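Good morning, and thank you for coming.

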Amino acid sequence: MRAVVIGSGIVGAGAAYHLSRRGASVTVVDAGCQGGATQAGAGIVCPWVDHPEDDDWYRLTREGARAYPALVEELGEDIGYAKVGALLVAEDPVDLEPVRALLRRRHAGAPEMGDVVDVDTPTELFPPLSDGLSALLVPGAARVDGCSVRDALLRAAVSRGAEVRTGIAALDADGRVLVHEAGTENGTRWRPAVVATAAEEGGHTSWRQAAPLNAAPAPVGPASLEALQPAGEGVPVEADVVIVAAGAWTGEVCRPLGVELPVFPRRGQILHATMEGVDTAWWPIILPRMGPYLLGFPDSRVVVGATVEDVGFSPRITMGGLDEVIEAGLRVAPGLFNATVTETRVGLRPVYAPGRALIGSLSERVVVATGLSAYGLTAGPFTGEIAAALALGETPPIDITPYAPA
């Protein structure tokens, strides 16, 4: 079986990994567009607090989280995965009751979340927090390093013979792949025709999903595949099956097939700060009712994020975005006031307008896997496994009917 995977983010890398494990000949093609979501994700793996009214969304993220321990063992290297727990915090303890009830209801089907308990002094676990916050601890929550996961998956695939190429992969009407060398044009002429609201995506009920900023469309950088694609027919790559895991660019890639997939980018800006001499490696994830989230990593690093912005293909760090992240972060954790901002990142999360992830077959030759929104690092490798199963004609590990193309 010859397979081409378009996109080398965490979903595409997961697909390449699982295809290569099953003996397929795999070529991964990535255009290197600015704003890929994987490199900007915080790395939170705590699915049990979200999508209380959407069992299908929850099932995908729950199974994605459940698959991580085995994946870590298979890869045999450090991908930044650690069960550090999550503190759900609120100024008023009454605000914690809905999520407490949700976790109680879900515990029997997800015992890996651990026994949820009240924490009287959350600052003992995460010292920069504001005094007086009430908190619940979900001990099974974990964090990962998205770039490390992606790179480990690709390395494992390459060790089994997979090829990773930089270039722009275009499809023709029959699903054949043509690869162009990456271009350098700026700008874009394509914008999504359908944009989901926060309510349509479930953001008004999920624990850590905020509504998008009311921002005007921003000038667009070199992010669109349409803008980057050079003239010419490109070089054909022989493939029996193609998996399109191109994130926010998936709709553009699949358009030659005669399908319109309403996948659009949702920008998230995030910052990394360091606290010199402080061991932050095992600090828990901090999840307020509505952003920002905070989490610690080794090397005295704390991640704070993220904005939720519907501004098209504009992978830019903005003053307003950083102001939002910093102000909200210090409100929850004023002890970070003197932390050093060491890095800022921005990613374009892929959102499928009908509301859930998009996973399924577009034709006998083409499989699509995208639309994980803010849950890419939670469910990305598992979604790649689903896509690989579809490509190989196998039964997916879960029922994917709810994620089929509309």
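Predicted model: local features only at pLDDT ≥ 70, side-chain atom pairs only at ≥ 80, totals over all residues.

**A walk through the model**

Let us begin with Asp299, which is exposed, at a relative accessible area of 68%; exposed means over 50% relative accessible area, buried under 20%, and partly exposed in between, for a 1.4 Å probe and protein chains only. Residues are numbered from 1 along each chain as its sequence is written, and side-chain values use heavy atoms, with hydrogens and water left out.

Asp299 is found in the loop between strand E15 (293-297) and E16. Helices (H or I, at least four residues) and strands (E, at least two) are DSSP runs, numbered from the N terminus. Ser300, however, is buried, with a relative accessible area of 17%. As background, most residues other than glycine have a negative phi, and most peptide bonds are trans.

The bond from Gly305 to Ala306 is cis, with omega near -5°. Ala306 has its place in the loop between E16 and H9.

I turn now to the aromatic residues. How many aromatic pairs does a search of the whole structure find? It finds four. Rings of Phe, Tyr and Trp (its six-membered ring) pair if their centres lie within 6.5 Å; planes under 30 degrees apart count as stacked, over 60 as edge-to-face and the rest as tilted. One of the pairs is formed by Phe126 and Trp283, and it is tilted, at 4.7 Å centre to centre with 55° between the planes. This pair links distant parts of the chain, 157 residues apart: Phe126 is in the loop between strand E5 (117-119) and strand E6 (134-138), and Trp283 is in the loop between strand E13 (263-274) and strand E14 (285-288). Phe126 and Trp283 are both buried.

Trp249 and Phe313 form a tilted pair too, with 5.5 Å centre to centre and 35° between the planes. Trp249 lies in the loop between strand E12 (241-244) and helix H8 (250-254), and Phe313 in the loop between strand E16 (301-305) and helix H9 (319-332), so this pair ties together parts 64 residues apart in sequence. Trp249 is buried at a relative accessible area of 8%, and Phe313 counts as buried at 2% relative accessibility.

An aromatic ring also takes part in another arrangement: the charged end of Arg106 sits over the ring of Tyr58, 3.6 Å from its centre. For this, NZ of Lys or CZ of Arg must be within 6 Å of the ring centre and within 35 degrees of the ring normal.

Next, the helices. Helix H1 (residues 10-21) and helix H5 (residues 146-159) pack at an angle of about 30°, with their axes 8 Å apart. Axes are lines fitted to C-alpha atoms, for helices over the stretch in contact, and angles run from 0 to 180 degrees between N-to-C directions. H1 and H5 are therefore roughly parallel to each other; angles under 35 degrees count as roughly parallel, over 145 as roughly antiparallel, 65 to 115 as roughly perpendicular and the rest as oblique. Among the residues that meet are Ile10, Ala13 and Tyr17 in H1, and Val149, Leu153 and Ala157 in H5; contact means heavy atoms within 4.5 Å.

How are H2 and H10 placed, roughly parallel or roughly perpendicular to each other? Helix H2 (residues 55-66) and helix H10 (residues 376-391) pack at about 95°, with axes 7 Å apart, and are therefore roughly perpendicular. Their contact includes Leu60 and Thr61 of H2, and Phe382 and Ile386 of H10.

Gly12 is buried, with a relative accessible area of 0%. Leaving aside neighbours within four places in sequence, Gly12 is in contact with Val5, Gly7 and Ala245. Gly12 and Pro381 are 369 residues apart in sequence, and 8.2 Å apart in space, C-alpha to C-alpha.
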